[in-house]
Each structure stands twice: as structure tokens, then as C-alpha cells.
Amino acid sequence: MSSGNDQQSEALSKPTFSEEQASALAESVFGLKVSKVQPLPSYDDQNFHVYVSKTKNGPTEYVLKISNTKASKNPDRIEVLNHVIMFLKAAGFPTSSVCRTKGDNTASLVSIDSGSEIKSYLVRLLTYLPGRPIAEIPISPQLLYEIGKLAAKLDKTLQKFHHPKLSSLHRKNFIWNLKNVPLLEKYLYVLGQNRNREIVEHVIHLFKEEVKPKLSHFRECINHGDLNDHNILIESSKSASGNAEYQVSGILDFDDMSYGYYVFELAITIMYMMIESKNPIQVGGHVLAGFESITPLTAVEKGALFLLVCSRFCQSLVMAAYSCQLYPENKDYFMVTAKTGWKHLQQMFDMGQKAVEEIWFETAKSYESGISM
């Protein structure tokens with residue numbers, strides 16, 4: 001759910017390509033023979049599911065990604081993201097393949113005359129990944145553990161990633177980086193005056209007082225930054241007992257990637273895994289156990305985890321409310337998190353840090369003894 005530091009200017013630059021235009025782009029830029037194009041949900045970019053006529057060897061389904069005009073002004077970052085996806089695929093992660101343009105590039109800048117001005121958009125093409133988003137199934141403790149493990153492996157593997165333009169992932173005022181929680185203050189007016197706003201204001205205050213001074217003690221890494229329940233795909237297989245078992249089959253949407261910290265990735269993943277859960281408070285312990293099986297947290301990182309999860313809820317809920325004002329026609333997509341998110345945040349807030357941490361840390365500890373709760 002990518003967004004920039006100046007949300008208003010981003011909002012005005014969201015692409016509005018028709019299916020016919022998207023089809024023409026796939027053909028002219030990437031040389032595909034398109035049979036059908038369907039729009040896919042997106043936050044401030046535009047995505048299309050592209051079907052092509054059957055070929056002997058190549059894939060028949062792709063995702064055409066059209067970046068908003070603001071993101072399109074930073075081709076270095078888009079290039080780095082494409083190379084990250086290729087690097088992770090080569091390392092064995094279930095990512096898409098990045099398709100080359102007819103000019104053998106990983107992206108192409110296209111200019112469109114909108115009548116009043118000429119706008120430029122970066123266009124990319126990825127192979128379409130099969131599978132269902134985990135939002136569609138009840139997530140078992142074992143799957144939560146595996147997702148925590150995946151998040152840690154991802155960040156750890158990216159420590160070996162090198163690119164001459166890697167500094168483009170230092171995104172100073174990027175609203176979705178957990179470091180920038182205080183930037184939410186300028187959007188709080190969208191909440192009105194109610195308990196939700198009071199909770200968000202209190203979380204921002206605690207973040208400034210208790211998390212910000214500790215940032216220099218966290219271990220830095222590159223974060224995916226958006227391992228939500230729609231960006232992780234799963235496929236089922238029959239177990240020996242005949243029951244359906246799920247494995248992660250795809251990781252989507254690297255557009256929120258930026259420099260952050262290991263504990264940020266964990267907090268973001270916990271928060272999004274809570275969204276559809278019937279027992280949201282229990283979720284954190286299973287994800288934490290999986291994460292720590294690869295990258296154990298330091299005491300300072302552990303102490304900040306509760307507030308970081310609350311902070312991510314605040315980011316998601318405030319920016320969703322703000323985006324609904326800008327794009328009321330896309331309200332259903334923006335408000336996916338809000339359906340349960342406010343309730344979960346209030347529950348965490350009411351229980352308090354100590355009680356929630358006790359559940360998380362005890363659950364995670366149970367994995368060490370081989371008895372998962």
C-alpha cells in the first residue's frame with residue numbers, strides 16, 4: 001500500500017489508464033500478444049492482470065504495473081525494486097519474474113497527453129503468481145510461524161543484496177516507514193474527535209517518547225515493509241492425514257520497500273496477520289517465534305515491539321481514512337484493514353503492553369520447548 005510523504009500530490013498523480021490503453025502498453029512496450037486485460041486493486045498506482053495468447057514456453061499471465069507520476073520521477077528506486085525481486089527469486093523466494101522491455105530494460109517511461117499536460121509514467125511487467133491471498137483462509141499457528149520465519153529470512157537475505165543505486169531505498173519522509181509515525185499528525189483531522197483519534201494521538205506520543213530514542217539501537221536492514229494478508233499468497237496440498245495444508249506460494253508488492261530495521265518487519269507482519277484473525281492477540285507470539293527462529297530479537301527490540309505494532313495499526317488506519325476522502329470510489333479497498341483494525345487496536349490498548357507481551361513472549365517461548373500453544 002505504497003504512499004509518499006506528500007499524499008495530496010500523489011493523489012493527484014494516480015494513473016487512470018483504460019483497459020484498452022493498458023493492453024496497448026503491454027503490446028508496444030513488452031511485445032506481448034494480449035488476449036484480455038483486467039484491472040487489479042491498487043493504492044496509488046495502477047495494476048492490470050494481463051492474459052496473453054498461449055505460447056510454447058513462456059507464461060500466459062502477467063501483471064502490468066503503472067507507477068504514479070511522483071514515483072515515476074524516481075526511476076532509480078524502481079530499478080532497484082526490480083533487481084531486488086530478481087535477486088530474491090534467484091535465492092529461492094517465491095517472487096514474480098521481472099520481464100524485460102523490447103529495449104531490454106526492466107521498466108519504461110511512457111508519456112501520455114492528458115489534454116492539459118503531458119504526464120509520464122513508469123511501466124513494468126511481472127509474471128502473475130498463482131495462489132490465494134492468506135486473507136481468504138483461517139491462518140493456523142503453524143502458518144503464522146512460517147510467515148514470521150519468511151519475514152526474517154527475507155530481510156536477512158537482503159543483507160547480501162548490492163546495487164549501485166541502493167541508496168534510493170533511504171526514503172526520508174516515506175509515510176509507511178515505521179520511523180515516520182510522527183508524520184501522521186498532519187492527517188489526524190480525518191478522524192474527527194473520538195476515541196480512535198485519542199488512541200492514535202497517544203500512540204504517536206509514546207512513539208516519540210519511547211521508540212524514537214531507541215532507533216539507533218535497532219539493527220538496520222532493508223524491509224519489504226508491507227507483508228500484509230493480501231501480499232502473501234498460499235497454495236494448499238493434502239497432508240499425510242488427508243487434511244489441507246498451506247504453504248506460501250508467492251510474495252507480492254515490493255513498492256513499500258525501504259531501509260528500516262528487523263523489528264519493523266516483524267511488527268508490520270504481526271499487525272497484518274492480526275487483521276482477519278478470530279484471536280488477534282494470540283497471533284503475535286506465533287509470528288514472533290518464527291521470526292526469532294532466524295533472527296532473535298535483542299532486549300531493546302523486544303521492548304519496542306508492542307508499540308511498533310500499535311504504530312503500524314495507526315499508520316494503516318489513519319492513511320486509509322485519508323485516502324477514502326481522496327478516492328471515495330475506492331473505499332472498499334482502502335477500508336479492508338479498518339473493518340477489524342480499530343477494534344484490534346483498541347483491544348491492544350485496553351489490555352496494555354504488559355498483558356499483551358506476556359501472551360506473545362510465552363507463546364513464542366513454547367516453541368523452544370517444542371510445545372506450541
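Across the interface of domain 1 and domain 2, the rule finds 4 salt bridges. Helix α4, residues 75-90, gives the most to the side of domain 1 that touches domain 2, with 10 residues. That side divides into 11 nonpolar, 4 polar and 7 charged residues. Keep in mind that this is a predicted model.

As for polar contacts, 5 residue pairs, both residues at pLDDT 80 or more, are found across the interface of domain 1 and domain 2.

Now the domains themselves. The assignment places domain 1 at 14-127 and domain 2 at 132-369. The contact takes 22 residues from domain 1 and 28 residues from domain 2. Their C-alpha centres lie 27 Å apart.

How much area do domain 1 and domain 2 bury between them? About 2300 Å², with 69% of it on carbon and sulfur atoms.

D253 is found in the loop between β9, 244-251, and β10, 258-261. Is D253 buried, exposed or partly exposed? Its relative accessibility is 23%, so D253 counts as partly exposed; the cut-off for buried is under 20%.

Last, N231. In sequence, D253 and N231 are 22 residues apart, while in space their C-alpha atoms are 6.4 Å apart.

Methods
Residues numbered from 1 in each chain as written. Predicted model: local features only at pLDDT ≥ 70, side-chain atom pairs only at ≥ 80, totals over all residues. Heavy atoms only, no water. Domains from an automatic or database assignment. Contact = heavy atoms within 4.5 Å. Buried area = accessible area lost by both parts, 1.4 Å probe. Salt bridge = Lys/Arg side-chain N within 4 Å of Asp/Glu carboxyl O. Polar contact = N/O pair within 3.5 Å; in protein donor to acceptor, adjacent residues only side chain to side chain. Helix = DSSP H or I, 4+ residues; strand = E, 2+ residues; numbered from the N terminus. Nonpolar A, V, L, I, M, F, W, Y, C, P; charged D, E, K, R; others polar. Buried < 20%, exposed > 50% of the residue type's maximum accessible area, 1.4 Å probe, protein only.
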